Amino acid sequence: MSQSYNRGLIEDFGRWKEFSAGMWAWIFHKFTGWILIGYLFTHIAVLSTAITAAGDASAIQAETDIYTTTIQGLEELFIVRIMEVGLLAVAVFHILNGLRLLMVDLGIGLEAQDKSFYASLVLTGVITVASVPTFMVEVGF
């Protein structure tokens, strides 16, 4: 017979202190995946409402069509720029952690999983902070 393991109560929220780096990597990877899926559906919804059935070529050239004005209007909002930086951070972490998981599945770096997780967090932070001026260039930040 197999040995049973007492996992404790699901309501025991104090157990998060016992999580190892691998558990946090799993949680962050799932969380970022759900954020990316949510963004995908929101993105599709916004763009589908901005696209007209019959695109007027003169309006598109003059940049007065609904799609262009919708995108320009969203890009002018400071909160949208902040959310874009957050989206970048989520996407970069998800990609880096996915590559880390690929390497682990291939048997590369098995003994350094914690270090590679922390490295992916640090690299995500560096890439995100370095990209902030690019996102905020027209906002006057």
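Helices here are DSSP runs of H or I with at least four residues, strands are E runs with at least two, and both are numbered from the N terminus. With that settled, the protein chain has five helices and zero strands, and its elements run α-α-α-α-α from the N terminus on.

Two notes on reading what follows. This is a predicted model, in which local features need pLDDT of at least 70 and side-chain atom pairs count only at pLDDT 80 or more, while totals for chains, interfaces and linings use all residues. Residues are numbered from 1 along each chain as its sequence is written, and side-chain values use heavy atoms, with hydrogens and water left out.

## The chain as a whole

Let us start with burial. Buried means under 20% relative accessible area, exposed means over 50%, and partly exposed lies in between (1.4 Å probe, protein chains only). Of the 141 residues of the protein chain, 19% count as buried. The chain exposes about 10600 Å², and carbon and sulfur atoms supply 68% of that area. Such areas come from the Shrake-Rupley method with a 1.4 Å probe, and for residues only the protein chains shown count as cover.

Contacts tell another part of the story (a contact means heavy atoms within 4.5 Å). Among contacts between residues at least 6 apart in sequence, 70% join residues at least 24 apart.

Is Arg81 buried or exposed? Arg81 counts as buried because its relative accessibility is 6%. The side chain of Arg81 reaches the backbone oxygen of Phe135 at 2.4 Å. This is a polar contact, a pair of N or O atoms within 3.5 Å; within protein, one must be able to donate a hydrogen and the other to accept it, and residues adjacent in sequence count only if both atoms are side-chain atoms.

The structure holds one salt bridge. Its partners are Arg81 and Glu75, with the closest N and O atoms 3.1 Å apart. Glu75 is partly exposed, at a relative accessible area of 27%.

## A nonpolar patch

Next comes the surface. Patches are made of residues with over 30% relative accessible area and no salt bridge; like charges are joined within 9 Å, and nonpolar side chains (Val, Leu, Ile, Met, Phe, Trp, Tyr) within 5 Å. Val46, Leu74, Leu77, Phe78, Ile79, Ile82 and Met83 form a nonpolar patch, with about 600 Å² of accessible area together. Helix 4 gives the most to this patch, with four residues. Ile82 sits in helix 4 and counts as partly exposed at 38% relative accessibility.

## Aromatic rings

A pair of aromatic rings is described by the distance of the centres and the angle of the planes. Rings of Phe, Tyr and Trp (its six-membered ring) pair if their centres lie within 6.5 Å; planes under 30 degrees apart count as stacked, over 60 as edge-to-face and the rest as tilted. By this rule the count comes to five aromatic pairs. Two of the pairs are set out here.

| Pair | Centre to centre | Angle of planes | Class |
|---|---|---|---|
| Phe93 and Phe117 | 6.3 Å | 80° | edge-to-face |
| Phe117 and Tyr118 | 5.5 Å | 50° | tilted |

Phe93 and Phe117 are both buried, Phe117 with a relative accessible area of 3%. Tyr118, at 47% relative accessibility, counts as partly exposed. Ring pairs link Trp24, Phe28, Phe93, Phe117 and Tyr118 into a cluster.

Which residues does His94 contact, leaving aside its neighbours within four places in sequence? They are His29, Thr32, Gly33 and Leu36. The side chain of His94 reaches the backbone oxygen of His29 at 3.3 Å. The C-alpha atoms of His94 and Thr32 are separated by 6.1 Å, although these residues are 62 apart along the chain.

Ile71 belongs to helix 3 (residues 66–75) and counts as partly exposed, at 29% relative accessibility. Ile71 and Leu47 are 24 residues apart in sequence and 8.6 Å apart in space, C-alpha to C-alpha.

Key. Salt bridge = Lys/Arg side-chain N within 4 Å of Asp/Glu carboxyl O.
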